[in-house]
Amino acid sequence: RVKLYDHFSFPYAFPGNVKDHLKKIATARIRDTDVLLSTYPKSGTHWVREIVSMLLRGKAEYSSDPLHSIDFYDSSYIEKLQSPRILQSHLPFRYLPNEIKRQGRIIHVSRNPKDTAVSLYCMLKKLTYMSGSFSGSFHALLQCIFYSDKFSYGNWFDFVKEWDKVMRQENRGCKILHLEYEEMKKDLKSNVRKVADFLSVDCDEEFINMVAEKCTFKNMKNGKEANPQPYWKDCTFDGRMPIFRRGDVGDWRSWFSDKENDRFDKEYARQMKDQQISFRYYI
Ligand code: A3P
């Protein structure tokens, strides 16, 4: 279930009238200290949010905050948050707040599309109907996100191509740090350092190492699942936090049939031939 507007599929949970809501997002007041985390769903949002949060608080301890999504922008809530705020969105660049587009700080995280699709499918299967579950097969999900634009947050290729174009623009105003999920898996410390430098966080290597250690998949899964946000109880069938599944690169190999894989690779070659962004499927 989605809300269609402006040739884009917004999540059904988007509040009220989409046009009015988009206007609220576009005109949201942004602070110099804000950082916006941008991802296509299931590309590592919670992972990077935790790293950013630890760096900004100067503490290698898990945050107790929920994700502060601007997609469901509620001004009275977002405006009351203390600085520095970590905002989060799955929206295409064009719908972001104007002030962020002009002069904000954005961390954009990308993940290879095959693993993203598997991660999304597994998460949707855990959600209750009211929270946006998906009753179709894995094959049907691939159809939705790669070969149509009728799924919540639209077509994966469209999302990635728009962000790729923005990241290539030289005089775009906002500052963007691009992180890749697969590179983070390969070398988390260097990527934590990149984030610290981007946010001008002055810290030594010992602290970087502590953050990286706290943010390994195993440690995050244990730490975060022990204290889940209360809302997960109502969203999932088993009442548990459905975010930390495998945290691997290449799990797609157990899911894509040869035929699905061939079809995807052909579509990828067709759609992405002029793009600069690239994706890694194995480490
Ligand atoms: P999998 O379902 O493949 O395991 P998001 O936060 O955008 O919803 O993304 C969730 C995906 O990121 C899940 O992928 C999850 O396991 C993975 N992830 C979360 N924390 C991670 C970490 N510390 N290291 C590696 N992957 C992580």
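Reader: Which residues does Cys215 touch, not counting residues up to four places away in sequence?

Author: This is a predicted model: local features need pLDDT of at least 70, side-chain atom pairs count only at pLDDT 80 or more, and totals for chains, interfaces and linings use all residues. Residues are numbered from 1 along each chain as its sequence is written, while side-chain values use heavy atoms, with hydrogens and water left out. Contact means heavy atoms within 4.5 Å. By that rule, Cys215 touches Trp47, Glu50, Ile51, Met54, Leu188 and Met220.

Reader: Is Cys215 buried or exposed?

Author: Helices (H or I, at least four residues) and strands (E, at least two) are DSSP runs, numbered from the N terminus. In these terms, Cys215 is in the loop between α10 (205-214) and α11 (217-226). Buried means under 20% relative accessible area, exposed over 50%, and partly exposed in between (1.4 Å probe, protein chains only). The relative accessibility of Cys215 is 0%, so Cys215 counts as buried.

Reader: How far apart in space are Cys215 and Met54, C-alpha to C-alpha?

Author: Met54 is one of the residues that Cys215 touches. The two are 161 residues apart in sequence. In space, their C-alpha to C-alpha distance is 9.6 Å.

Reader: Which residues touch the most other members of the largest nonpolar core?

Author: A nonpolar core is a set of buried Ala, Val, Leu, Ile, Met, Phe, Trp, Tyr and Cys residues joined through side-chain atoms within 4.5 Å. In soluble globular proteins, nonpolar side chains tend to be buried together. The largest core here has 90 residues, and those touching the most other members are Ile51, Leu55, Ile106, Ile107 and Val211.

Reader: How many residues apart in sequence are the parts that the pair of Trp47 and Tyr181 ties together?

Author: Rings of Phe, Tyr and Trp (its six-membered ring) pair if their centres lie within 6.5 Å; planes under 30 degrees apart count as stacked, over 60 as edge-to-face and the rest as tilted. The count is 29 aromatic pairs. Trp47 and Tyr181 form one that is edge-to-face, at 5.1 Å centre to centre with 75° between the planes. Trp47 lies in helix α2 (residues 45-57) and Tyr181 in helix α8 (residues 181-186), so the parts tied together are apart in sequence by 134 residues.

Reader: What is the strand order in the open sheet?

Author: Two strands pair if DSSP finds at least two bridges between them. The edge strands, each pairing on one side only, are β4 (68-69) and β7 (175-180). The sheet has five strands with parallel pairing, in the order β4-β5-β3-β6-β7.

Reader: Which residue of β5 is the bridge partner of Leu37?

Author: Strand β3 (residues 35-39) and β5 pair in the parallel sense over four bridges. On the other pairing, two bridges join β4 to β5 (residues 86-89), and Ser69 has Gln88 as its bridge partner in β5. For Leu37, the bridge partner in β5 is likewise Gln88.

Reader: Which residues of β5 are buried on its two faces?

Author: Strand β5 is covered on both faces. One side has Ile86 and Gln88 buried, and the other has Leu87 and Ser89.

Reader: At about what angle to β7 does helix α9 run?

Author: Axes are lines fitted to C-alpha atoms, for helices over the stretch in contact, and angles run from 0 to 180 degrees between N-to-C directions. Helix α9 (residues 188-198) lies across β6 (105-110) and β7. Its angle to β7 is about 170°.

Reader: What is omega for the cis peptide bond between Ser83 and Pro84?

Author: Pro84 is found in the loop between α3 (75-78) and β5. The cis bond joining Ser83 to Pro84 has an omega of about -5°.
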